[in-house]
Amino acid sequence: MQLKFKKLKSNKKNKVVSPNEQSDEQKHEGKSGSVFLKKADQTEINDRIRAEIICINNFFRALEEEGDQTGTLTYKVEMTCSGCSGAVDRILKKLQGVDSYEISLESKSVVVKTSLPESDVTTAIKKSGKATELVSSE
């Protein structure tokens, strides 16, 4: 739908005036190109804009709620030295969506707080080349 708006005319002093301020002569000059939007069209456009704003607000609200779903994943990872734990550390440090993590070489465990799906985190840790098993998910 293409919208056309009435052009404002100027009086003799080059002052721009609205259609309501024009004299009767100016109103009936009959210049072409001036189109008024009907009241129904204006209402329809305003309703569509309101509906779009509501839709956008709902979208961003859903994104915020989705981002708040942080879970804790606990893994058993075969780590035998600081090099092994360092490899896991480097991977988790680069992984976007990980809020925090703890690596324990003594207990051979990794605890990850994240909003990412468990499968993404598991795949990332396995890229270290270490045997990885999910122990718990909260």
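**Entry 1**

I started at K108, which counts as partly exposed at 28% relative accessibility. For my own reference, buried means under 20% relative accessible area, exposed means over 50%, and partly exposed is in between, with a 1.4 Å probe and protein chains only. This is a predicted model, where local features need pLDDT of at least 70, side-chain atom pairs count only at pLDDT 80 or more, and totals for chains, interfaces and linings use all residues. Residues are numbered from 1 along each chain as its sequence is written, and side-chain values use heavy atoms, with hydrogens and water left out.

Which residue forms a salt bridge with K108? I found E78, with the closest N and O atoms 3.8 Å apart. The two sit in distant parts of the chain, 30 residues apart: E78 is in the loop between strand 3 and helix 3 (82-94), and K108 is in the loop between strand 4 (98-104) and strand 5. E78 is also partly exposed, at 37% relative accessibility.

My cut-off for a salt bridge is a side-chain nitrogen of Lys or Arg within 4 Å of a carboxyl oxygen of Asp or Glu. By this rule I get a count of four.

Next I looked at helix 2, residues 39-67. Helices (H or I, at least four residues) and strands (E, at least two) are DSSP runs, numbered from the N terminus.

R48 forms a salt bridge with E44, and their closest N and O atoms are 2.6 Å apart. Both lie in helix 2, four residues apart, which is about one turn of the helix. R48 is partly exposed at 49% relative accessible area, and E44 is partly exposed at 32%.

I then checked R50, which forms a salt bridge with D47 at 3.2 Å between the closest N and O atoms. These two are three residues apart in helix 2, so about one helical turn separates them. D47 has a relative accessible area of 42%, again partly exposed.

Is strand 3 (residues 71-77) mostly covered or mostly open? I noted it as mostly covered, with six of its seven residues buried.

Two strands pair if DSSP finds at least two bridges between them. Strand 3 runs antiparallel to strand 5 (residues 109-114), and six bridges join them. Here L73 stands opposite V112. Strand 3 also pairs with strand 6 (residues 132-137), in the antiparallel sense, over five bridges. On that side I found L134 as the bridge partner of Y75.
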